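Open the model in your viewer and get ready to select residues. This tour goes from one stop to the next.

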Amino acid sequence: MAYRPQPRLSNQAAQSIDSDEKLYEIVDQIMKLPKNQIERILGDTSTTAYRRVHKMLALSIDRILERLRNYKNVKDIAGPALSDLTRSLILLRYQNARDEISNDLRSILESIVSKLVNDIKSLQSSDSEKLEELRKKLERARSLIDAIAVLAYKYGK
C-alpha cells in the first residue's frame, strides 16, 4: 500500500499559527513522530533544498515583522508582505518540481504560507490589535518552520 500524504498535518500546521497553545501542540506532535513517519513526510527532501526554502521563507517573515515594527498603516505592509510570501511560494514549488522537497513537506509549508497570505489579505484596517495579532502569527509561523528545519536536518537526505 502506497503512503498517502496527511492533509490533516498540513491543516494542523496552518492552524497552529493561531495560538501559542496550538503551536506548542503541533511542534510537540511533529517532534514526537516516529522516525519512519518523519522519513515518509520528508521523502527525498534534501537538506540543501529545505535550507534554501527555509532561508527564503524566514527572510520573508522577518521582513514582514520589521515592517510591522516600522509602519502602522496596513497599506504599507500588505503589498510588500504578499510579494515576499509569493517569492517564497515560488521557490517552494520550484524545489518540489525538482523533486528536492517531498509533496508532504511542500503541502505543510504551502499551508503555512497560504494561511499567512489569507490573514494579511483579510486585514482591512490598521487597527493596532489586528496588526499585533498578525505579528504573533508571523512569529509562530517562524517558530514552526524552524522546528521543521530540525527534522529536515536530522532526517533529510
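This is a predicted model: local features need pLDDT of at least 70, side-chain atom pairs count only at pLDDT 80 or more; totals for chains, interfaces and linings use all residues.

Show what lies around it. Leaving aside neighbours within four places in sequence, K115 is in contact with A14, Q15, I17, D18 and K137. K115 itself sits in helix 6, which spans residues 103–121. Is K115 buried or exposed? K115 is buried, because its relative accessible area of 14% falls under the 20% cut-off.

Next, select D119 and K137. These two form a salt bridge, with the closest N and O atoms 3.2 Å apart. D119 belongs to helix 6 and K137 to helix 7 (residues 128–155), so the pair ties together parts that are 18 residues apart in sequence. D119 is buried at 14% relative accessibility. K137 is buried too, with a relative accessible area of 12%.

Stay in helix 7 and pick R142 and D146. Their side chains meet in a salt bridge, 2.8 Å from N to O. The two are four residues apart, so about one helical turn separates them. D146 is partly exposed at 30% relative accessible area, and R142 is partly exposed at 22%.

Last stop: helix 4, residues 47–70. Select E66 and R69. They form a salt bridge, the closest N and O atoms being 3.0 Å apart. E66 is partly exposed, at 39% relative accessibility.

How many salt bridges does the structure hold? The count is 18.

Notes: Residues are numbered from 1 along each chain as its sequence is written. Side-chain values use heavy atoms; hydrogens and water are left out. Buried means under 20% relative accessible area, exposed over 50%, partly exposed in between (1.4 Å probe, protein chains only). Contact means heavy atoms within 4.5 Å. A salt bridge is a side-chain nitrogen of Lys or Arg within 4 Å of a carboxyl oxygen of Asp or Glu.
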